[in-house]
Amino acid sequence: MELGTSESSYPGSRNWEIPIDLFGSKKHAGVSRGILAFADESGNIVFRVNRHPPNPNSSPLPKDKKLLLDASGNTLFSIYRYHNGSWKCYKGDSDGNRELVFRVQRTLKTFTRVELEVLFESGRSNDEGCNLKVKGSPFQRSCCIYKDADLVAQSSLMYKLHQIYVGRGKFRLTIFPGTIDRALIVALFVVFLSGRK
């Protein structure tokens with residue numbers, strides 16, 4: 001089954017030849033302070049993350065709800081975090097007939113490290129075994145996203161030459177060439193940032 005977003009279909013129908021860098025921060029110009037946003041190399045906002053109170057009628061009741069929006073403010077994904085350390089990601093922002101895209105289960109949680117397993121809904125892709133793994137340290141904003149043995153994306157803090165202290169407020173998310181949709185990778189990274197909670 002192919003689904004469209006403003007970027008492309010996911011788990012992906014779009015190929016690109018070079019890595020794409022997105023720069024994450026809660027202090028982008030043109031975005032309310034405290035809102036996590038991702039900009040391209042020119043400083044244009046590509047994605048932003050809004051936090052919403054979950055629907056009290058949901059069962060089971062989610063602990064947290066976040067919306068991933070594109071540059072035009074359209075909701076691409078609704079991300080729900082549950083008390084058992086799992087997440088569910090749905091297409092759009094419908095609380096009615098929601099279309100589940102993927103589930104995430106935490107498989108490892110230590111003080112410094114988190115590992116997540118991403119399971120796509122059946123029929124979401126023609127590529128069997130498209131499930132992903134996310135490994136890293138949310139506190140350091142550092143992770144790697146793998147599809148089998150292939151590195152799909154990675155994140156890191158923004159280091160500068162001769163910098164003694166590296167703040168956690170700005171980070172880079174590099175998405176490598178392939179067929180995984182950029183919006184999907186950003187949604188997984190948002191889940192990862194919540195992984196230590």
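This briefing covers a strand barrel and a cavity. The model is predicted. Its strands β3 to β14 form a closed barrel of 12 strands, paired antiparallel. A search of the whole structure also finds one cavity of 30 Å³ or more.

**The barrel**

- The strand order runs β3-β4-β5-β6-β7-β8-β9-β10-β11-β12-β13-β14, and the barrel is closed.
- Neighbouring strands of this sheet are turned by 20° against each other on average, with direction ignored.

- Strand β10 covers residues 114–120, and strand β11 covers residues 132–137.
- The two strands run antiparallel and are joined by five bridges.
- Leucine 116 has valine 134, in β11, as its bridge partner.

**The largest cavity**

- About 40 Å³ of space lies inside the largest cavity.
- A general point on finding such spaces: rolling a probe the size of a water molecule over the atoms shows where empty space is left.

**What lines the cavity**

- The lining of the largest cavity consists of Asp64, Lys65, Lys66, Ile79, Arg81, Trp87, Val190 and Ser194.
- Two strands, β6 (64–70) and β7 (75–81), each supply at least two residues of this lining.
- Strand β6 gives the most to the lining, with three residues.

Conventions
Residues are numbered from 1 along each chain as its sequence is written. This is a predicted model: local features need pLDDT of at least 70, side-chain atom pairs count only at pLDDT 80 or more; totals for chains, interfaces and linings use all residues. Side-chain values use heavy atoms; hydrogens and water are left out. Two strands pair if DSSP finds at least two bridges between them. Helices (H or I, at least four residues) and strands (E, at least two) are DSSP runs, numbered from the N terminus. Axes are lines fitted to C-alpha atoms, for helices over the stretch in contact, and angles run from 0 to 180 degrees between N-to-C directions. On a 1 Å grid over the protein atoms alone, a cavity is a set of points where a 1.4 Å probe fits but cannot get out, and a pocket is an open set with protein on both sides within 12 Å along at least five of seven lines; lining residues have an atom within 4 Å of a point. Grid points are joined across faces, edges and corners, and a volume is the space filled by probe spheres set on the points.
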